[in-house]
Structure formats: structure tokens, C-alpha cells
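Please consult the sequence and the model while reading the points below.

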Amino acid sequence: MARRLSDYSEADVRVRPNKRGSRPRTKQRPAHEDATPGRVLAVDRGRFDVLVDGVRVRAMKARELGRKGIVVGDDVSLVGDLSGDPDALARIVRREARTTLLRRTADDTDPVERVLVANVARMLIVTAAADPEPRPRLIDRCLVAAWDAGIEPALVVTKADVADPGPLVAQYAALDVPALVVARRGDDPHEGLDAVRKLVSGGWSVLVGHSGVGKSTLVNELVPGAGRATGGVNDTTGRGRHTSTSAVALELPGGGWVVDTPGIRSFGLAHVDAEELVGFFPDLAPGTQECPRGCPHEGVDDCALDAWVASGSAGAGGAARLDSLRRLLAARGGE
């Protein structure tokens with residue numbers, strides 16, 4: 001016989017349990033005021049090596065950080081197991097404010113930025129005198145990116161025993177940028193290395209350059225036992241082979257850290273304001289004072305930069321630098 005509605009009581013009600021537990025959901029997150037500070041040394045497939053009080057700790061990113069990126073050089077705060085044991089895993093719960101941030105894009109119009117490294121004070125732009133041939137326009141882009149990020153740049157020319165580095169160094173003589181030359185001559189395989197070691201001592205520096213120029217070789221000389229993979233140059237293309245696959249920070253014996261980065265084929269500057277580009281060419285910028293108002297410095301006949309370079313005011317490399325600037329402005333589509 002069917003039961004009437006009046007026959008039911010509260011005891012007959014069956015409540016389905018919450019599969020996720022009975023604790024109510026909340027958007028409030030712990031402040032982690034007791035979190036321990038550290039600095040990121042390496043990033044590998046969602047795992048981070050962090051230096052915490054001299055101990056290398058393996059960590060993952062906490063959920064509350066969301067899409068906030070963590071890169072080599074970032075100062076972070078961690079909770080959890082900070083013992084550094086092989087099976088231990090801490091959590092990064094906070095990324096601290098960055099003092100500098102080196103960025104690049106795939107090209108000059110790509111809105112997607114890629115962060116290379118954070119909190120470094122100096123960038124070593126590494127290029128070879130030959131094998132592979134130097135790429136001044138890439139050097140110019142690296143200089144712009146460094147100055148835009150508030151990072152002090154320096155030029156390091158390797159393989160000076162293969163070709164004369166003089167013409168390349170002269171091209172940047174008008175800039176207030178250190179230019180160091182490294183060579184292997186006879187019994188001295190490290191000629192010029194002491195000057196590089198002195199430049200990076202005590203602080204955080206990043207090495208940037210295209211493949212095959214000797215970045216990883218230089219790191220192995222600066223940090224004995226680093227074991228960074230090295231490779232040669234492709235005989236067909238004349239370009240270097242990629243050996244480093246990710247950025248990693250390595251401690252210098254005399255104090256300080258260097259960050260080795262993968263070789264780059266391009267260095268987009270979409271994140272740099274087009275109106276500021278000329279200011280990042282300090283050897284050319286004074287010549288714009290005689291330009292007509294609103295001069296785009298590219299694609300016009302009355303730009304004063306031509307006369308400035310012709311007079312020698314921009315130094316021996318003025319013509320090449322002006323060409324580089326105008327290529328950058330053209331790539332930005334006249335923004």
C-alpha cells in the first residue's frame with residue numbers, strides 16, 4: 001500500500017554527503033607571515049630550485065599564486081619542508097617585488113612577453129668575433145632591452161683568436177658600455193677571462209647571446225665544475241647549435257652568481273615604447289635635436305640623424321647603428 005505524504009517524517013530524509021568534505025569553501029587565503037625567503041636558481045617543468053639560507057630546496061608553486069609566473073632570479077617566500085632532502089617538496093606562496101625584469105617577445109609586434117630572468121644587475125651580451133659571424137643588430141636589441149629593464153649591459157667578444165674583434169668593438173666605442181675580449185692563445189686558454197670575472201664578481205649577472213658564441217664555455221670557465229653542455233657551429237647554416245635548454249643560476253667561486261640562458265635567434269622589443277627607442281641609442285639621440293617636429297627618423301629625407309652620423313658625431317659605428325635603429329622603427333610599423 002502506498003504511503004501518504006503525511007506518513008513521512010524528517011527521519012526519512014536522506015542527505016547526500018559532500019564529496020569534497022563538509023568544510024565550507026572560502027576565498028580567504030592564509031597570509032603565510034612565517035614564510036621563509038629564498039631566491040629561484042632554476043625552473044624545470046613546474047618545479048623550482050630555490051636557495052634558502054644556503055640550502056637548495058625543491059619547491060612547487062602554491063595554488064593561490066594562480067597564473068603568476070616564477071622565473072630564475074625571483075625572490076620568493078616558501079612554506080613546508082625546507083630541509084633540501086631529495087624527496088622533500090616545499091611550496092612557493094609569494095613572489096616578492098622585482099627590482100629588474102629582462103623581457104623579450106617573439107617579434108616586434110607580438111603582445112606576448114617572455115620573461116628571461118629577474119633581479120639581475122648586469123647583462124653580458126656575448127658574441128663571437130667569428131664562427132658564427134657577429135650580429136650587431138641583435139646586440140643593439142639586447143642593449144635596448146637591458147637599458148629598458150634598468151640593467152647595466154656589457155659586451156663580451158669571444159673567439160678573438162679566430163678573427164680580429166677590433167671592428168666590432170669600435171662600433172660600440174661611442175657608448176658607455178664595457179667591452180671585454182676573450183681569446184685562446186697558445187698556452188693561455190683564458191686570455192681576458194680575469195676581466196670578465198672581475199666584472200661579474202659579487203652580484204647577479206645574466207649571459208645572453210645567440211647559439212654557438214661560447215656562452216656556456218664562458219660559464220664553465222667562470223664556474224669550475226658547472227658542466228654546462230657546449231656545442232659547435234652548423235657547417236651549412238653557420239649558426240650555433242642549441243645546447244642550453246633552460247636558464248640556470250650558478251654561484252661564482254669568488255662570490256656572486258651568473259645566469260646562463262639558452263641561445264636566442266631573435267629578440268623582439270614589442271614591450272618597449274616605440275617613442276622611447278631613440279633614447280636607447282645614446283650615440284644617436286643628441287642628433288635628433290635638429291630634426292623637424294614629429295620626425296619619425298625613418299622613411300623621411302629631412303631627418304637630422306643622417307647629418308649627425310656623416311659628421312662622425314656618433315662614432316665609427318654610427319652608420320650601422322642608425323640602420324639598426326631605423327630597422328627597429330620600421331618593424332614597429334610607425335607606432
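Gly69 sits in the loop that joins strand E3 (55–61) to strand E4 (75–80); helices (H or I, at least four residues) and strands (E, at least two) are DSSP runs, numbered from the N terminus. The model is predicted, so local features need pLDDT of at least 70 and side-chain atom pairs count only at pLDDT 80 or more, while totals for chains, interfaces and linings use all residues. Residues are numbered from 1 along each chain as its sequence is written, and side-chain values use heavy atoms, with hydrogens and water left out.

- Gly69 counts as partly exposed because its relative accessibility is 32%; buried means under 20% relative accessible area, exposed over 50%, and partly exposed in between (1.4 Å probe, protein chains only).
- Leaving aside neighbours within four places in sequence, Gly69 is in contact with Asp74, Arg95 and Arg98, where contact means heavy atoms within 4.5 Å.
- The C-alpha atoms of Gly69 and Arg95 are separated by 8.7 Å, and these residues are 26 apart along the chain.

- Leu193, Val196 and Val200 are buried in helix H3 (residues 193–200).
- These buried residues line one face of H3, because they fall within an arc of 60° when seen down the helix axis; the arc is that of the directions from the helix axis to the C-beta atoms.
- An α-helix has 3.6 residues a turn, so residues three or four places apart point the same way.
- Asp194 and Lys198 are exposed residues on the face of H3 turned away from its buried side.

**Lys215 in helix H4**

- Lys215 belongs to helix H4 (residues 215–222).
- With 6% relative accessibility, Lys215 counts as buried.
- Beyond its neighbours within four places in sequence, Lys215 has contacts that include Val126, Leu207, Asp260 and Pro262.

**Packing of H1 and H6**

- Helix H1 (residues 136–149) packs with helix H6 (residues 318–331) at an angle of about 70°, and their axes are 10 Å apart; axes are lines fitted to C-alpha atoms, for helices over the stretch in contact, and angles run from 0 to 180 degrees between N-to-C directions.
- H1 and H6 are therefore roughly perpendicular to each other, a term for angles of 65 to 115 degrees.
- Arg137, Asp140, Arg141 and Leu143 of H1 make the contact with Arg321, Asp323, Ser324, Arg327 and Leu328 of H6.

How values were computed:
Angles under 35 degrees count as roughly parallel, over 145 as roughly antiparallel, 65 to 115 as roughly perpendicular and the rest as oblique.
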